[in-house]
Amino acid sequence: MDFGFLFQPAFSGGGTYLDWVLSGIKWTLCLSVLGWIIAFTLGSVLGILRTAPLAILRVPATLYVELFRNVPLLVQMFIWYFVVPEIAPKGAGDWLKTQMPMPEFWNGVLCLGTYTASRVAEQVRAGIQSIPRGQVNAGLATGLTLPQTYRYVLLPMSYRIIIPPLTTEFLTIFKNSSVALTIGVLELTAQARQISEYTFQTFEIFTIATVVYALITLTVTFAMRWLEHRTRVPGYIGGAGK
Amino acid sequence: MLRIHQLVAAVAAAGLFAAPVHAQELTGTLKKIKDTGVIKVGHRDASVPFSYLDDKQRPVGYGVDICMKIIDRIKADLKMPKLKVEFVPVTSQTRIPILTGGNIDIECGSTTNSVERQKQVDFAPTYFMTGTKIIVKKSSGIKGYGDLKGKTVVFTQGTTNERAMKAYNDEKKLGIKFIPSKDHAESFLAVETGRAVAFPMDDILLYGLRANARNPNDYEVIGEFLSDDPYAIMMRKGDPAFKKVVDGAVTALYKSGEINKIYTKWFQSPIPPKNINLNVPMSDSLKEAIKNPNDTGVGACGKMKC
């Protein structure tokens, strides 16, 4: 293994190949973190709606989850990037294609976010439904409204319960962000492929990419474990940590 | 003096390799083929008319036909009439790692022989001569490279055309915004949908893409050559016995004139899947390459003579 190529001037753009790697890491982080913000917010709303007593709230959320969960991510990327601008009204479509800044990046964020939201929604729903029915009744009996019961009784516990599976989703979004290379986002995997093409140092550059992905996901794992420990309610479920 | 040295070396080498194949121990790719009974052939999916999938999803094309002739020669040399041919799809980005990794033995695509790639792989004699041009929509008003200033250009990742276009952009400071794409079909789609105004590619492939477009007359291929691209069949580096068989088979096609028939079949007759005739007569540079078979690659500057 010879990593000297990292410091050679890159073919185009003026920097070195190390700059390409760093730029790839930057885009991977931006894609994943922004995607996660969408996924967590939208997923929470959808998850709560899926447990709502009114069908008019429940059915659209269920349709959303089934649609986004069942279409391959690769296909969704393609649809957001190539198909949506064609079926949008002409002016909007042209704006999406030519005027919009960084179209491939924002399409990637939107696609990752909306896809992961369907998965987060299922976990939020599972968390809420894992809480004994008696607690809702007790909340309502003490005079809380249903939204207040969600806010003060159900959600505080269910979010604590689902921290481990949410960690998995958060890790997955970093790895799924590499799918954005198919619409031209030069994130870490795309940069690794590009550098391999220019320098032929395939094994070296993919070793670097592997280590970087591992470092990112390990950091996330530890951060989430810390969060789990921090928010633990003594005496309630599992007892993660001491 | 150099000439004499080269001559001596050539005579010595000729003597060395003149021994019949069966008399020597098989090595490298030939041994692998003999042992496994299979030759793995890399092909492309949309490099019309060199190597692409027809309406029955079978790999066909000018390059594939030439490869089949090479395989006939290998069958004869190894006395393996039942040698199995396995097709493996490759892309611009995967072709070299897949070849060096051993998952294919020979690549029959539309690969430019460049001095840079020769550090990784070997090439058979050039079988086609082309170069980088751009395809644009007629309605875009782009008439030359200068009109690309500040516009968006799509390229297929891992191609020599990407380099040629970027080098030109750096040199002329056009401030082009580049978007990468994973294959030619998707790059063309970006031009078709207006996401990019131009797509730099080997002109012959651009004519192929245009012929297969929904409305071929909406597009035109413009510009002078940004680079030279001699195409050749690719094989693993450092395997002289295999290269000798391949080179011999290609050279025999050239000497017998059979190449002209194959050329006419793909460039001057209707071809699948839409039965369109590309109607591209043989260029002088290709005639020259057929008269004097050679595996000279294009230099780092993108031209044959740097």
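The model is predicted, so local features are reported only at pLDDT of at least 70 and side-chain atom pairs only at pLDDT 80 or more, while totals for chains, interfaces and linings use all residues. Residues are numbered from 1 along each chain as its sequence is written, chains are lettered from A and ligands numbered from 1 in the order in which they are written, and side-chain values use heavy atoms, without hydrogens and water.

Confidence was examined at the outset. The score pLDDT is the predictor's confidence in each residue, from 0 to 100. Chain A averages a pLDDT of 92. In that chain, 98% of the residues score at least 70. The lowest confidence in chain A falls in helix 4 (residues 90–99), with a mean of 88. The highest falls in helix 1 (residues 17–50), at 97. Chain B has a mean pLDDT of 90, and 92% of its residues reach 70 or more. The model as a whole scores ipTM 0.73 and pTM 0.74.

Chain A contains 10 helices and 0 strands. Helices (H or I, at least four residues) and strands (E, at least two) are DSSP runs, numbered from the N terminus. The C-alpha trace of chain A spans about 70 × 55 × 25 Å along its principal axes.

Two packed helices are described by the angle between their axes and the distance between the axes. In chain A, the axes of helix 5 (residues 103–129) and helix 7 (residues 146–161) come within 8 Å and cross at roughly 115 degrees. Axes are lines fitted to C-alpha atoms, for helices over the stretch in contact, and angles run from 0 to 180 degrees between N-to-C directions. Helix 5 of chain A gives Val124(A), Gly127(A) and Ile128(A) to the contact (heavy atoms within 4.5 Å). Helix 7 of chain A gives residues including Tyr150(A), Leu154(A) and Leu155(A). 

The largest pocket has a volume of about 710 Å³. A pocket is an open set of points on a 1 Å grid over the protein atoms alone, where a 1.4 Å probe fits, with protein on both sides within 12 Å along at least five of seven lines; lining residues have an atom within 4 Å of a point. The volume is the space filled by probe spheres set on the points, which are joined across faces, edges and corners. The lining holds 37 residues. Phe11(A), Glu116(B), Arg163(B), Ala300(B) and Gly302(B) lie nearest the centre. Helix 5 of chain B supplies the largest share of the lining, 6 residues.

Most residues other than glycine have a negative phi, and most peptide bonds are trans. Chain B has exceptions. The bond from Val48(B) to Pro49(B) is cis, with omega near 0 degrees. Pro49(B) sits in the loop between strand 2 (46–47) and strand 3 (51–53) of chain B. The bond from Pro272(B) to Pro273(B) is also cis, with omega near 0 degrees. Pro273(B) lies in the loop between strand 15 (270–271) and strand 16 (276–277) of chain B. Lys79(B) has a positive phi, near 55 degrees.
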